[in-house]
Amino acid sequence: MKFSEVIGQDKLKKQLIHGVTVGRIPHAQLFLGKVGNGTLPLALAYAQYVSCTDRQLEDSCGTCSSCSKYQSLVHPDLHFSFPFPSKAEVASEYLKEWRSALLSNPYLSYDEWMTLIEADNKQGNIPVKECRAIIRSLSLKPFESEYKVLLMWLPEYLGQEGNILLKIIEEPPQNTLFLLVGANADKIINTIISRTQPVRVPPIGLAELSKALVERFEIADSNANRIAQMSQGDFKIAISLIQETENPYFDQWRNWMGLCYTRKISEAVKWSDEMAAIGRESLKSFLLYGLEILRGVLVIGFDSSVSSWVGQERDFIEKFNNLQIPVPQLEIIVREIESAISNIERNGNAKMILTDLSFKVARNLKK
Ligand SMILES: [Zn+2]
């Protein structure tokens, strides 16, 4: 994973890169913070950077032999340890699932992980046999890289037997790095904490998070800003908010579409008057939101399984789809809304733009 794939955290990335550049690479570090702040992806990007043979100023190269193995998490000098249910003895029994979980979702949470390996009702652990396996694998020299890395995810799940790792953490074999990734310092045994250098991972900057939400979920800027703020910089919370919260424009959108579909033109004109008063930026957000809904209708018309909409928006999209408006007409509506947005941006008269748009939408909103 490259640093560029980690959301935000520019300041911390710079610090980590600077440390490597000046040769200050602590042999045991504890990345500490909420899952949604990006602790795990940051530790992965850091490990890849340290091992890259063609380090760039701001990131690993992504293409050298080390990077390409890191990108698919198969580098022979990259070892993983993580909690797993007691029916297994060592983490490597779950390595295949772990790699695929991480590749598809580096912001993995403990609950998601346990559900993925179908252990939701069981307690995960990093048991003593796993600790011994770690000591064994680290006693070998690195195969290919200058550094051998052990990334331990959630040392919270180490019991007191984790103390057998103390010696190797304190005096590791040459060029061995321990990267521990935890969320709750109170639950990590003190003896481990005191032997690691902390890397505190703060919440993601709101502007950075908002930008990432727009890119990854194709939501409107205003919606992304609102969600970034509500989540306080936590990407996991932001995702659940996107899935749960309803857009404040939903009711107005549904109302307007209803007026256009039933050709209640005088009411649509009245509606345009009221909407024109909400202000240019809000109006733009409203129309952008409407575009997302219409694209949702187009998508669901082709394949309902790929639609990410949920709740009442999903219901609306499905009902809209059932009206069987021909796709070319929907595309005309999309283009008209896009042109209305650009007219609003160019300071056109909002009331006239909306009234005109209402007619055009009504004309194309029929079977
Ligand atoms: Zn590289």
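Mentor: Start with what the labels stand for: a helix here is a DSSP run of H or I with at least four residues, and helices are numbered from the N terminus. Also keep in mind that this is a predicted model.

Trainee: Okay. How many helices and strands does the chain have?

Mentor: There are 17 helices and five strands in the chain. Its C-alpha trace spans about 80 × 45 × 35 Å along the principal axes.

Trainee: And what average pLDDT does the chain get?

Mentor: The average is 92, and 98% of the residues score at least 70. Among the elements, H2 has the highest mean pLDDT, 98, while helix H11 (residues 235-244) has the lowest, 84.

Trainee: Let's zoom in on H1. How far does H1 reach from its first C-alpha to its last?

Mentor: H1 covers residues 10-21, twelve in total, and reaches 16 Å, close to the 16 Å expected at 1.5 Å a residue.

Trainee: Which residues of H1 are buried?

Mentor: Leu-12, Lys-13, Leu-16, Ile-17, Gly-19 and Val-20. If you look down the axis of H1, these buried residues fall within an arc of 155°, so they line one face of the helix. On the other side of H1 you'll find Lys-11, Lys-14 and Thr-21 exposed.

Trainee: What do the buried residues of H1 pack against?

Mentor: They pack against strand S1 (28-32), H2 and strand S5 (197-200).

Trainee: And what follows H1?

Mentor: Gly-23 does, with a positive phi near 80°.

Trainee: Where do I look for the largest nonpolar core, and which residues touch the most other members?

Mentor: Find Phe-31, Trp-113, Trp-153 and Leu-213, which touch the most other members of this 81-residue core. H2 gives the core its largest share, nine residues. Domain 1 (3-202) and domain 2 (208-244) each supply at least three residues to this core.

Trainee: What does Leu-213 touch?

Mentor: Leaving out residues up to four places away in sequence, Leu-213 touches Glu-218, Ile-219, Ala-224, Ile-227, Ala-228, Phe-235, Ala-238 and Ile-242. There's another core lying apart from the largest one, with 39 residues, including Leu-259 and Phe-316.

Trainee: Leu-259 sits in H12, I guess. Which residues of H12 are buried?

Mentor: Leu-259 is one of them, along with Phe-250, Trp-253, Trp-256, Met-257 and Cys-260. H12 runs over residues 250-261 and reaches 16 Å from first C-alpha to last, close to the 16 Å expected.

Trainee: New topic: domains. Which ones does the assignment give?

Mentor: It gives domain 1 (3-202), domain 2 (208-244) and domain 3 (250-364). The centres of domain 1 and domain 2, taken over C-alpha atoms, are separated by 27 Å. Where those two meet, 14 residues of domain 1 are in contact with eight residues of domain 2.

Trainee: Last one: what share of the chain is buried?

Mentor: Buried residues make up 50% of the 367 residues.

Conventions
Residues numbered from 1 in each chain as written. Predicted model: local features only at pLDDT ≥ 70, side-chain atom pairs only at ≥ 80, totals over all residues. Heavy atoms only, no water. Core = buried A, V, L, I, M, F, W, Y, C linked by side-chain atoms within 4.5 Å. Buried < 20%, exposed > 50% of the residue type's maximum accessible area, 1.4 Å probe, protein only. Helix = DSSP H or I, 4+ residues; strand = E, 2+ residues; numbered from the N terminus. Domains from an automatic or database assignment. Contact = heavy atoms within 4.5 Å. Expected span 1.5 Å × (residues − 1). Arc of directions from axis to C-beta. pLDDT = per-residue confidence, 0-100.
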